[in-house]
Amino acid sequence: MDQTRFCDILADLRRQKGVSQRKAAAELHISQALLSHYENGAREPGLPFICRACDYYGVTADYLLGRSEDTGARSPSPALLRELAERMRELADQVESYMP
């Protein structure tokens with residue numbers, strides 16, 4: 001794996017998603033320290049993490065590993081759909097609290 005490319009892509013995807021390392025790590029079921037190691041190139045992840053990260057960010061493994069410029073993101077990932085549904089519920093609750 002091209003370590004520099006992978007860690008840059010991983011960090012860029014997290015930033016594009018607009019989440020902190022802490023939040024991303026929790027949702028990826030790893031510690032923040034381990035995610036930091038992956039993002040700075042100090043450690044290489046195993047296949048289970050690669051699969052979870054692809055689902056979480058809605059990209060292909062080839063994109064995440066720097067083997068393709070095409071994210072493969074033709075349709076939303078299940079993780080993204082769950083996140084959007086949760087945000088919609090939160091917004092609906094906020095709207096209801098303003099209704100007389």
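## Aromatic pairs, a helical core and its salt bridges

The structure holds 2 aromatic pairs. Rings of Phe, Tyr and Trp (its six-membered ring) count as a pair if their centres lie within 6.5 Å; planes under 30 degrees apart are stacked, over 60 edge-to-face, and the rest tilted. Tyr 38 and Phe 49 form a tilted pair, 4.7 Å centre to centre with 50 degrees between the planes. Tyr 38 lies in helix H3 and Phe 49 in helix H4, so this pair ties together parts 11 residues apart in sequence. Helices here are DSSP runs (H or I, at least four residues), numbered from the N terminus. Tyr 38 is buried, and so is Phe 49. Buried means under 20% relative accessible area, exposed over 50%, and partly exposed in between (1.4 Å probe, protein chains only).

The other pair is Tyr 56 with Tyr 57. Their ring centres are 4.7 Å apart and their planes stand at 75 degrees, so the pair is edge-to-face. Tyr 56 is buried, with a relative accessible area of 7%. Tyr 57 is buried as well, at 11%.

A word on the model. It is predicted: local features need pLDDT of at least 70, side-chain atom pairs count only at pLDDT 80 or more, and totals for chains, interfaces and linings use all residues. Residues are numbered from 1 along each chain as its sequence is written, and side-chain values use heavy atoms, with hydrogens and water left out.

Now the core. The largest nonpolar core has 21 residues. Such a core is a set of buried Ala, Val, Leu, Ile, Met, Phe, Trp, Tyr and Cys residues joined through side-chain atoms within 4.5 Å. Leu 10, Ile 30, Phe 49, Tyr 57 and Leu 64 touch the most other members. Five helices each supply at least two residues: H1 (3-17), H2 (21-27), H3 (32-40), H4 (47-57) and H5 (61-64). H4 gives the most, with 6 residues.

What does Phe 49 touch, leaving aside its neighbours within four places in sequence? Phe 49 is in contact (heavy atoms within 4.5 Å) with Phe 6, Leu 10, Leu 28, Ile 30, Leu 35 and Tyr 38.

Stay with H4. Its buried residues are Phe 49, Ile 50, Ala 53, Cys 54, Tyr 56 and Tyr 57. The general rule is simple: an α-helix has 3.6 residues a turn, so residues three or four places apart point the same way. On the other side of H4, Leu 47 and Pro 48 are exposed. Gly 58 follows the helix, and its phi is positive, near 70 degrees.

Turn to the charges. The structure holds 8 salt bridges. Each is a side-chain nitrogen of Lys or Arg within 4 Å of a carboxyl oxygen of Asp or Glu. In one of them, the side chains of Arg 14 and Glu 39 meet at 2.7 Å, N to O. This pair links distant parts of the chain: Arg 14 in helix H1 and Glu 39 in helix H3, 25 residues apart.

Is Arg 14 buried or exposed? Arg 14 is buried, with a relative accessible area of 10%. Glu 39 is buried, with a relative accessible area of 10%. Setting aside neighbours within four places in sequence, its contacts are Val 19, Ser 20, Gln 21, Ala 24, Leu 35, Glu 39 and Tyr 57.

Another bridge joins Glu 83 to Lys 17, with the closest N and O atoms 2.9 Å apart. Glu 83 lies in helix H6 (residues 78-98) and Lys 17 in helix H1, so the pair ties together parts that are 66 residues apart in sequence. Glu 83 counts as buried at 16% relative accessibility. Lys 17 is buried at 18%. Lys 17 also lies over the face of Tyr 56, at 4.2 Å from the ring centre. The criterion for such a placement is NZ of Lys or CZ of Arg within 6 Å of the ring centre and within 35 degrees of the ring normal.

The side chains of Lys 23 and Glu 27 meet at 3.0 Å, N to O. Both residues lie in helix H2, 4 residues apart, about one turn of the helix. Lys 23 is partly exposed, with a relative accessible area of 38%. Glu 27 counts as partly exposed too, at 34%. Elsewhere, salt bridges that share partners join Lys 17, Glu 83 and Arg 87 into one network.
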